Amino acid sequence: MLLFLVLVGWVCQVWGGPLEKQKTSEIQQEDGYINSLKTQSPLPINGEIADEVENEAVQEGDILLPKDRNAVSSLWPKVGVKVAVPYEIDSDLKDRIQDITDAMAMISDKTCITFHRRTVETDYIYFAHGLWCVSFIGCVGGEQRILIGRACSVGNIIHEILHALGLYHEHSRFDREQYISIMSENIKPGREKSFLVRDGNTLGLPYDLESILHYGSNYFSRNGEPTIVPKDRSVMIGQRTHLSVLDVQKIRKLYKCVR
Ligand SMILES: [Zn+2]
């Protein structure tokens with residue numbers, strides 16, 4: 001009985017205060033599909049939506065997020081020294097189970113984050129089929145969807161899981177101007193918000209051009225020209241193959257992993 005109560009009461013840990021209730025009207029709705037991310041209404045977080053274009057075929061990461069954060073206040077619960085994230089995978093994604101578990105393993109291998117099949121937990125990630133790769137930021141409570149589009153790679157899935165763990169895009173850091181230039185004239189109209197700076201917690205870590213959370217050079221270009229240019233022209237940005245050294249440190253610091 002005690003175990004049951006503990007499990008039922010297992011909710012997102014809140015770091016730095018409770019999240020504000022969000023009026024639906026304050027949330028920018030785009031493309032109509034964002035409501036499908038979450039089953040409960042109204043949406044419980046102070047958020048906005050950001051989109052990313054991975055390449056011509058993939059649109060990645062329409063995300064709902066608290067404003068002004070590089071890492072958010074709602075973390076997944078820790079059990080001892082490990083963070084335990086419950087998940088379910090929709091039956092529509094039967095052919096993507098390996099990719100999803102590979103993505104989770106790449107995170108677990110280097111951090112204290114663990115993933116397990118949901119039993120009775122109330123807060124959990126639900127991987128569902130979608131047109132794009134989409135995630136909320138942080139643990140938002142209840143069934144929290146990550147949408148996996150057909151073209152989402154293992155790297156895209158890692159990127160979305162990192163959003164769900166509480167991390168936002170690297171290029172939104174307040175100190176980005178030292179490392180990249182935003183070419184506003186090349187940004188597709190209406191997508192400017194995806195390039196906003198957010199004053200937030202950078203976890204005391206340096207800017208990471210190699211981050212799996214960094215946009216690529218041509219994201220949301222309206223004319224094929226770059227929207228982001230690294231100051232160091234020899235650097236490639238927007239990789240979606242692996243966690244960078246600093247990505248690992250971000251997760252470990254955010255969740256205070258002890259080893
Ligand atoms: Zn993203």
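## His-242 and its surroundings

Beyond its neighbours within four places in sequence, His-242 is in contact (heavy atoms within 4.5 Å) with Met-106, Glu-210, Ile-212 and Asp-247. The model is predicted: local features need pLDDT of at least 70, side-chain atom pairs count only at pLDDT 80 or more, and totals for chains, interfaces and linings use all residues. Residues are numbered from 1 along each chain as its sequence is written, and side-chain values use heavy atoms, with hydrogens and water left out.

His-242 sits in the loop between β12 (228–230) and α4. Helices (H or I, at least four residues) and strands (E, at least two) are DSSP runs, numbered from the N terminus. The relative accessible area of His-242 is 28%, so this residue is partly exposed; buried means under 20%, exposed over 50%, partly exposed in between (1.4 Å probe, protein chains only).

The side chains of His-242 and Thr-241 make a polar contact (2.7 Å). Such a contact is a pair of N or O atoms within 3.5 Å; within protein, one must be able to donate a hydrogen and the other to accept it, and residues adjacent in sequence count only if both atoms are side-chain atoms.

## Toward the core

His-242 lies 9.4 Å from Ile-107, C-alpha to C-alpha, yet 135 residues away in sequence. Ile-107 is among the members that touch the most others in the largest nonpolar core, which has 39 residues. A nonpolar core is a set of buried Ala, Val, Leu, Ile, Met, Phe, Trp, Tyr and Cys residues joined through side-chain atoms within 4.5 Å. The largest share, 6 residues, comes from α3.
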